[in-house]
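Dear colleague,

Please find the structure below, handed over for your records.

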Amino acid sequence: MNQEPMPGVTGRKAEREKSQLLPHSSSSSPAAAVGSASPTMALRSEHFTVYVALCFLLVALCTLTVRASGGSGSKVLSLLQPYDFLYYSGVRAYYGEEWAKAAELLEKSIQTKEALLRARRQCHDGCVASGTKAFNKLDSEEGSLWDLWALDWIQQKAECLRFCIGHSVAPTGQLPVSNDIEYEFNTRNPYNFLQVTYYKLEKLKKAASAAHTYFVANPSHLEMRNNIEKYRRMEGVMEDDFQDRETEKHWVLYDAAMQHEASSDWLQAAEKWRACVNETLWRIDECRVQCEVSPQLLPEDRGVDGVDGAFEKAAALSLSLLSCRQSCVTQVATRPGRISAQEDFLPTQLEHLHIAQFKSGDVSGALQTLRSFLLFYPNDRDSLDNLQLYYETLGGDAESHGIQPAQEIAKYVNQSLQEKSLLYFGVENLNFTFTDPDLWTPEDVVPESLRENWRAEKQVINEKIKEGDQPAEVDDSGFYAGGPVPQMGVTITMDDDALNGTNRVVLDGVMTEKECDKILQLATVAASLGDGYRGRRSPHTPHETFEGLTVLRAVKLSQEGLVDQSDTRLLHELGERVRTLLHSYFRSPSGLFISFTHLVCRSAATGEQEGRMDLSHPVHVDNCLLEPETKQCWREPPAFIHRDLSAILYLNDNFDGGELFFTQRDAKTVTARVKPSCGRLVGFSSGPVNPHGVTAVTRGRRCALALWFTKEKLYRDMEREEAEALWAADGQSALKKDKEEEEEKEGGATAGRNARSHAPKERSRGRNAVTGRKDEL
């Protein structure tokens with residue numbers, strides 16, 4: 001058939017969708033396969049709404065009483081110790097510069113927390129059968145005995161948990177930790193200390209892994225990113241050493257599935273999405289178990305004015321536990337390093353999965369997955385159309401209509417809806433506060449008295465999503481920021497996050513002050529007015545003059561003895577230096593060739609600055625024609641459509657204005673600004689995601705080396721090759737030192753005058769190579 005399934009509700013969202021190193025403040029998954037058989041929920045409808053609160057209170061009480069178990073001294077030493085104490089001890093050792101002790105204690109704190117979570121899970125699973133005899137009598141006994149059987153059931157589970165956890169965890173290890181400690185571990189701060197500790201111990205591979213683990217959860221930490229770059233350049237450290245020790249498997253599967261989709265490998269995509277769904281379900285279940293088994297605080301007593309009895313307190317605690325369970329989907333749907341969760345995380349995966357299954361030929365699997373998705377959004381029109389398409393593809397027989405949603409998904413939805421019903425009851429009648437984490441919650445779950453506010457809140461959320469989900473800028477350049485920076489002394493000052501964009505970076509330390517001075521002197525001596533703009537001295541604004549110099553013309557001037565050859569060679573070498581840095585940082589999948597290099601200076605015109613409102617260079621895009629009114633960018637001549645990557649290497653800062661700024665496609669909304677300084681390099685992809693301009697230079701002279709790069713060898717800079725051929729013809733190399741540096745100490749000034757007087761002739765000789773080349777930075 002020619003028809004294909006269309007993305008439904010969540011599909012559309014998805015589419016929118018060796019220096020000093022310092023710390024910076026700041027088990028296999030037993031997932032059941034989707035569609036496999038699973039036991040029904042063990043809930044008794046007749047008395048459930050009555051005794052559920054009491055059950056939850058007693059579950060919590062049993063987790064509180066579990067901590068009371070103790071043992072002999074030797075036994076306690078063999079039990080799990082409190083991981084917060086181990087962490088604090090490790091931090092103290094760190095500040096005492098006891099590096100080996102610090103590493104041991106910090107590692108032990110991480111391992112102990114992981115072991116504690118495993119112990120709680122194992123005890124939870126091991127105590128499932130406890131009290132089932134009493135539980136099974138709940139609906140069979142008459143009168144008031146049901147509550148006693150409920151107590152019997154809970155007490156047996158409490159005894160089982162107390163015994164189990166007491167045999168694995170020391171009494172102090174069972175106490176709840178502070179919010180501060182939870183924050184430290186949630187932000188992976190132990191790895192922050194570990195990366196320095198291992199560096200001090202000269203265990204560089206472990207240091208690199210710890211630094212990377214911390215950085216994954218703190219991606220805007222530029223200091224840590226710079227540390228990682230330093231580790232990359234250290235001997236013995238390999239790329240494979242940068243491992244995330246806290247990898248969350250469901251995100252790995254999610255990203256892999258998206259990559260297979262992008263390459264239209266639907267069979268692999270379906271496999272990864274299926275695994276991702278199962279792993280997500282297991283992660284949510286693991287979180288929910290920890291809500292039950294972890295120590296819980298009892299509801300606060302209101303003192304002498306308190307009127308809450310056992311049932312009121314039980315209801316308060318049960319609602320708190322249910323709210324914790326509901327929040328698990330938010331925790332699982334939040335990537336490390338992100339603040340907000342991905343909306344509709346599980347339904348989104350199901351939508352991707354059914355489309356991948358259909359396109360890979362598994363129509364029956366697609367039908368089951370789509371039926372599962374419709375449990376979340378039963379009235380989604382696109383999904384219902386897809387459902388009809390799947391029925392028709394299978395021939396519309398009775399067997400296809402009998403395909404049911406995956407049992408694990410049905411169980412998840414049913415349980416979540418029951419929990420929401422209880423929570424909204426608590427909101428309506430018990431002054432409980434609950435924030436629903438799901439967009440798919442049906443209106444009939446919400447009590448009538450709350451629906452008006454619920455609708456208003458949902459409308460606000462949907463409007464925010466709609467605003468935030470406008471067609472996002474997609475950079476199809478093939479570059480991916482975040483690669484290594486292969487030059488000692490170069491640091492990342494601003495990245496995509498700091499620059500509020502895509503494929504943007506600011507690097508400092510690319511040139512030394514001495515190198516900046518040499519190139520500035522070259523520009524003073526040899527740059528000619530209007531170079532690259534048919535001699536127009538003010539091509540962008542009448543308030544500034546424009547001068548430029550190409551590598552080829554600089555080489556010719558040096559051969560005639562009019563400029564210093566070492567300066568010319570440095571100008572040539574800087575192009576390669578920048579190419580190497582950006583090719584690595586933007587992780588270009590193919591070769592990267594220099595397309596054009598232009599040394600440019602913009603000078604404020606004397607007496608022309610008062611009341612000035614224009615720009616030194618208007619907002620534009622380097623490889624397409626920007627149309628701000630329609631926010632379109634047309635990749636067609638006369639735009640330089642072959643340009644893929646742009647760069648500016650600044651030489652000075654002794655002027656006013658001249659800042660580079662990025663905007664949105666409207667050419668008005670400024671998203672980032674960069675102030676020039678010697679040795680500062682700005683790199684960005686040349687396409688429509690990066691409109692940019694330059695503010696007015698109102699005093700002084702602003703000089704920079706502008707470079708553009710292409711992935712197509714055909715469009716490489718032939719002038720550079722001609723310049724290299726000239727050096728080769730003279731028996732010279734672009735990397736050799738100038739032997740005549742000290743022979744004519746007075747020749748610099750004379751050469752400068754001569755070079756400028758020769759400029760028109762040189763521009764005429766090289767006109768075919770320079771004509772039509774616009775400076776865009």
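Helix 10 (residues 204-217) has 14 residues, which at 1.5 Å a residue should span 20 Å, and its end C-alpha atoms are 20 Å apart, in agreement. The expected span is 1.5 Å times one less than the number of residues in the helix. Helices (H or I, at least four residues) and strands (E, at least two) are DSSP runs, numbered from the N terminus.

This is a predicted model, in which local features need pLDDT of at least 70 and side-chain atom pairs count only at pLDDT 80 or more, while totals for chains, interfaces and linings use all residues. Residues are numbered from 1 along each chain as its sequence is written, and side-chain values use heavy atoms, with hydrogens and water left out.

Helix 10 is largely enclosed by the rest of the structure, because 10 of its 14 residues are buried (under 20% relative accessible area, with exposed over 50% and partly exposed in between; 1.4 Å probe, protein chains only). Among these buried residues are Leu 204, Thr 213, Tyr 214 and Phe 215. Their cover includes helix 9 (189-200) and helix 11 (222-232), where contact means heavy atoms within 4.5 Å.

Strand 2 (residues 504-508) is likewise largely enclosed, since 5 of its 5 residues are buried. Arg 504, Val 506 and Asp 508 lie on one side, and Val 505 and Leu 507 on the other.

Strand 2 runs antiparallel to strand 1 (residues 491-494), joined by 3 bridges, and Asp 508 is the bridge partner of Thr 491. Strand 2 also runs antiparallel to strand 13 (residues 681-685), with 4 bridges; there, Val 505 stands opposite Gly 683. Two strands pair if DSSP finds at least two bridges between them.

With kind regards
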